[in-house]
Every structure is written in C-alpha cells, then in structure tokens.
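Trainee: I am new to this structure. Could you help me learn to read how its parts pack together?

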Amino acid sequence: MALPQAPKLLITPEDSWQGLRLLPLPYSSSDFAPGKKPGDTMLDSTQPGGASLLVSLGPAEEITLETLRRAGGQAARWLLEHEHAQVGLPVAMLDALEIPGALEAFCTGLVLGAYRFDHYRAKPPENQALRPLQAIHLLHSGDGGDLALQASRWQADLSGVYLARSIAHEPPNVINPASLAQRASEIAQASGLSFRVLDAADLQALGAGALLAVGQGSQGGARLIVLEYPGSGAGLGQPPVIVVGKAITFDTGGYSIKDRVNMVGMKYDKAGGAAVLGILQAAAEMRLSTPLVGLIPAAENMISADAYRPNDILTTLSGKTVEVISADAEGRLVLADALTYAQRQYQPRAIIDLATLTGGVVIALGKVRAGLMSNDDALAQSLFEAGERSGERLWRLPLDDDYFELIKGDDSDFKNSSELRQAHPIVGGIFLKQFIEPGIPWAHLDIAGPATADKDLPYSPKGATGFGVRLVLDYLSTL
Ligand SMILES: [Zn+2]
C-alpha cells in the first residue's frame, strides 16, 4: 500500500501562476479581515490575477518560526477542506518579514499540516478531502536557483517526517520486526543507503541476549536493522554520528502486562525507530555532509510460553547482566544491545538514541518537550538548541550516578527497573548509561510525550508526529 507522500515544493515563476495564492500577512489592525490568530484565514476572490487566501501570521512583533509553522499548518487544513491540490506561495511575502528561516518555517507548517494517514479507509470520513495537497508552488520573480536548492533540502527533511509518521502509524498486524526490516530495506534501496539486518539467529550468535529476550515471546523474534549513509564531500571518511531508535512494533507489557486502556496506542512504541528511518532517508536525499548510521532494534513485546519473565537474568551483548523487574521496561533492554553494537562496530563521533521510553517523562514534561539526558554537555547543548530552532523541543534531566542506586542489582549487575516510584525517566537514562563507554558523547531522547498527538495540533494531525526527525537533522546540519 502506498504511504502518504509529502506535497512537492516546486519553483514556479510568479507571473506564470494562475491558481490560488496563499498570502501570509502580519495582523495589522482590528480591521484586518483574516483575524488575529496565526492561521486565521480569509478567501479573497476580488484580487486581480485570481483568488487568494489571506493567512494571518498574528501581530508582527509576535511572529516566530513556530507561529509561522502553525499558520502554515492551519492554511494546509483549509486547503484540504476545500480540495485544493495545488497552491501558489509568493516567496517575497515571507522574505518581507525579514525573519531568517521564515519561508522554510511556513512551508514546514504547510507540508506537515497536510499530512493524512488514510490509506486504510474504504472512503474518507465526512468533511474530509478526497484529494491530498499535491504541490506548493514557490512563486518567485528571480531565477530561483538558490531557492530550488533550499527547497530540495526542505523537501527531503519533510519527506523524512512523513515517512516517520507513517511507519509509526502503521498497525501492528502490518508492521512487525520482520516487515519493518523489509520496509527499511526498500527505503535503503530507494535512497542509496546500505542496509543489513541481523535476525534472531544472528543476534544469538552475537550474544545480544537483551534484545533477543524481548523478542522471544513473539513469532519471528527480534531484529537489529542497520542503515548506513557514508556522508558527502568533506564528511566522507569521518566518524559517523549514530542514531538509535527503539522499535517495539507492539508493546503489550509482556508478563508485566498493560491494562486494556494503556495498551491501546502501543503501536506507537516504534516511533523512535520510525524517526531513525526518516532521518536516514532525509540525510541521503539531501546529501548531508556528516556520515550517519541508523540502528533500529526491533521486537514485539508479547506473551507466550517463550516470553521472558520478571526475575529472568539476561546477559546483554556487553556481557553485563540484567535482572528483569518489569517486562514492560523492554525498550531499554533492546536499546542496551544496540548501543553496545554501535560502539563495537563503529568509532562513533556521537550517539543519539530516540525512544518512547517512559510514562514518567510524560508526567514530568507532558507532550510539549521530550526528555534529554546526556553524558556530554556540549552535545546536550547542541541538541537543546536544535530543538528550540526546529520546534521539536527538549528539556534536560540529570543523570547523577547516585541514581544508579535505584537499579543496583541483587543477584545481577543491575535491574531493568526500580521497585520505587521515583525518577522513572532518569532510571531509564541511567540504565542506558551503563552501556556507554567512557569518552563517547551520548544523548538519550525520551520522546514518549511529543511522539504522538492526542488531538489535531496546528501542523500535526492526531497520531504520530514524527518527532525527532527535524530536530536531529537540524543538529546534524550544524556539524
Ligand atoms: Zn513497555
């Protein structure tokens, strides 16, 4: 089945465009017809040269990249409702704001706000468009050369978000570790990435006992998916940044089973892995300078006679042993072996993991910011700043070694969870830190909050948001 495709950003001479134009404008005074809120719209059919949709950007002094994205997202919703498959956007209107990144931000909102995951529907729900938004024509008066180059970068970035959203959205009867590996291989082939997958037998031979244990209750078992992008230009031959994404294709909680309310939505427990796919595809399409490796430990956390249990003691790939306290704290187990693999197989410049790891981080930070934990202040600061720029925001939590007390083992080196209701996101982080060698800059992003939207957001419909793709690509573009 074809996944949703991001609308194309096309470069079109201003005087040749006949269709609907979007006119983004700062709110000026109380007689400003579209309205005061960013994204308020008004159709104006009286303009010479065809109909225009006026889009409010809010008061001029309050315009930020985020309000521009939100206004773009609202405009996309209007376009979908009115079944406009094509629209023109005069570039000069955004340039006139004199805010660096304004055009990219508005386009980001437009493209991401147009996302719909509807290919399983026999017919669209009421009031929803039959036609997706197919193209946004960036209307310009010059030769458009620089603009074309920039737009192709944005296109790669936003297509990465589309991919991440769609993979996370896919139901668990379609995406399991084996079919995820199949999808990853197709993406790799189309984007020119190198691909390999370690199946249960390979992981057994390697000794990846933690990842294997999580997958052993399901048919087909676990996979470790490996994607490599060599970099370009001056980046060729440099040490890679490694992005690791948790992909639990469905999380029942295992024998620490979730209740029926909290089990629904657990298809999104693969959102970290989905983001890694999006990041790798985008990096290849935009010919990013920095070499990149994507590791996706994939498993389905199920119940069966073969499933792992609380009190099992697992030997991880690192050789360190872990007693299972909660079979529902499985994400950190699959990540542990992937992190060890990352450091054995490569000499990483930095490692960033993305995981819907804890409910605790949602208690702490809600769905606005993801938790950031790191052993490296410079990396943490760079990621934090990328979050502020991209709107995929982070907040740093501590990782003092004192927290290790919470997971100190009784009969094993350590435990995968604490019996105490204390510092859950940090317990996840301090667990992962046990698998990081000294001197390797590492950051753990607990994206359990913002990876999904409970309701339609200005530029992300309800469901998977693709959180992390734009954030990590922004960070990578600064290296
Ligand atoms: Zn779980």
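Mentor: Gladly! Here helix 1 and helix 3 pass each other in a right-handed crossing, meaning that the near helix is turned clockwise from the far one by less than a right angle. Helices are DSSP runs (H or I, at least four residues) numbered from the N terminus. This is a predicted model, where local features need pLDDT of at least 70, side-chain atom pairs count only at pLDDT 80 or more, and totals for chains, interfaces and linings use all residues. Residues are numbered from 1 along each chain as its sequence is written.

Trainee: What angle do the axes of helix 1 and helix 3 make, and within what distance do they come?

Mentor: In general, two packed helices are described by the angle between their axes and the distance between the axes. The axes of helix 1 (residues 65-81) and helix 3 (residues 102-113) cross at roughly 40° and come within 6 Å. Axes are lines fitted to C-alpha atoms over the stretch in contact, with angles from 0 to 180 degrees between N-to-C directions.

Trainee: Which residues make the contact?

Mentor: Among them are Leu-65, Leu-68 and Ala-75 of helix 1, and Ala-105, Phe-106 and Leu-110 of helix 3. Contact requires C-beta atoms, placed from the backbone, within 7 Å.

Trainee: Where are the domains?

Mentor: An automatic or database assignment sets the bounds: domain 1 is 8-141 and domain 2 is 158-477. Their C-alpha centres lie 34 Å apart. Domain 1 gives 16 residues to the contact and domain 2 gives 12. On the domain 1 side, helix 1 supplies the largest share, seven residues.

Terms used: Helices (H or I, at least four residues) and strands (E, at least two) are DSSP runs, numbered from the N terminus. Two residues are in contact if their C-beta atoms, placed from the backbone, lie within 7 Å.
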